[in-house]
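Trainee: I've got a model open and I'd like to learn how to read it. Can we start with burial?

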Amino acid sequence: MPSAPHAPPQQAQPQPAFTVLFVPGVTPTKWARIWNERMRRQRLELRPASPTEAIAALRDGTADAAFLRDVAADDEFSAIRLYEEQPVVVASRDHLFSALGASETIALDDLASENLLDGQDADTVELVAAGVGVATMPQSVARAFSRRDVVARGLRDAAPTTISLVWPIDRTTPAVEAFIGIVRGRTENSSRG
């Protein structure tokens, strides 16, 4: 009786990358380093995205989680508040606000007579540099888009923004749970509290 041919050994399929998006100003480097140390079998893919792009990617499944600004948990998404960011005013170097020292702040009322630009991106900072107006944004965003021809000064009396880790409720996978643990500072051997 002839023996059955041996099937070639099956190789384990590599897991798809765990994809995390982040908006400008968020620096996920520390969390990525810890993920890479603990989760060697699953690659982490970090990608910058606008808030709109990140929400769309969470909805269509092309991202597993995202670091977003001012997004709260709802019927669609889970969200863990991580930290708050202080707002700043970004103005042209030629603007009166640039005469203030770096540690001085601007009152919210001082913006009443200014052309306040709506936006928190590189295009907005470009308009500020051109002298079109001033803009308010989180300090980390102002740093991310800093240029020599603009200044950022603290804004008092304004609400801070909140950075949260956000993911679809219906896709709370073991990888998402592992990433939550890393972001929350759990050690590798600790259990969820």
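Mentor: Buried means under 20% relative accessible area, exposed means over 50%, and partly exposed lies in between, using a 1.4 Å probe and protein chains only. Ser 140 has a relative accessible area of 15%, so it is buried. This is a predicted model, where local features need pLDDT of at least 70, side-chain atom pairs count only at pLDDT 80 or more, and totals for chains, interfaces and linings use all residues. Residues are numbered from 1 along each chain as its sequence is written, and side-chain values use heavy atoms, with hydrogens and water left out.

Trainee: Which residues is Ser 140 in contact with, leaving aside neighbours within four places in sequence?

Mentor: Contact means heavy atoms within 4.5 Å. On that basis Ser 140 touches Gly 25, Arg 69 and Glu 85.

Trainee: And what about the largest nonpolar core: which residues touch the most other members?

Mentor: A nonpolar core is a set of buried Ala, Val, Leu, Ile, Met, Phe, Trp, Tyr and Cys residues joined through side-chain atoms within 4.5 Å. Here the largest has 33 residues, and Phe 18, Phe 67, Leu 68, Leu 165 and Phe 179 touch the most other members. Contacts of Phe 67 beyond four places in sequence include Val 20, Trp 31, Leu 82 and Phe 179.
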